[in-house]
Amino acid sequence: QNPGCIGALRNVLCWQNFPKCSDQDVSLPLCGSSCEYFYTECRYLPSEGDGHHDPCRSASVEANGLFGTGAPGPDQRLGNASVVCESTEAQVDAIDDAAAARGP
């Protein structure tokens, strides 16, 4: 059992299916940092070269879709964390803390 992985999976599924919207009411893509966090929490090994997970690379997402679904398309892309995700970092941390407290 891996509660961290379960929480990370729950979060990325929620964020992908119910994305945040910009001030212009446009859906924002899933953050690249959320992809990395999922793979880290679920104990996938990162690339030895730079420590990132290959499925979270733009080229991989463009070719294979998010999380290797085999369904690439315009809605299958990752956002830049410095632009999209920093404003909700505290909320994400609170969600993770709550999930860890609940346990499996």
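Guide: What follows is a short talk about the cysteines of this predicted model.

Visitor: How many disulfides are there?

Guide: The count is two, taking sulfur atoms within 2.5 Å as the rule.

Visitor: Which residue pairs with cysteine 5, and how far apart are the sulfurs?

Guide: Cysteine 5 pairs with cysteine 42, and their sulfur atoms are 1.9 Å apart.

Visitor: Left-handed or right-handed?

Guide: The torsion about the S-S bond of cysteine 5 and cysteine 42 is about 95°, so this disulfide is right-handed.

Visitor: And what does cysteine 35 join to?

Guide: Cysteine 35 is joined to cysteine 56, with an S to S distance of 2.0 Å. The link of cysteine 35 and cysteine 56 has -85° about the S-S bond and is left-handed. Cysteine 35 belongs to helix α2 and cysteine 56 to the loop between α2 and α3, so the pair ties together parts 21 residues apart in sequence.

Visitor: Switching to accessibility: is cysteine 35 buried or exposed?

Guide: Buried, because its relative accessibility is 0% and the cut-off is under 20%. Cysteine 56 is buried too, at 11%. In the other pair, cysteine 5 is buried at 18% and cysteine 42 is buried at 14%.

Visitor: What about cysteine 14?

Guide: Cysteine 14 has a relative accessible area of 40%, so it counts as partly exposed.

Key:
Residues numbered from 1 in each chain as written. Predicted model: local features only at pLDDT ≥ 70, side-chain atom pairs only at ≥ 80, totals over all residues. Heavy atoms only, no water. Buried < 20%, exposed > 50% of the residue type's maximum accessible area, 1.4 Å probe, protein only. Helix = DSSP H or I, 4+ residues; strand = E, 2+ residues; numbered from the N terminus.
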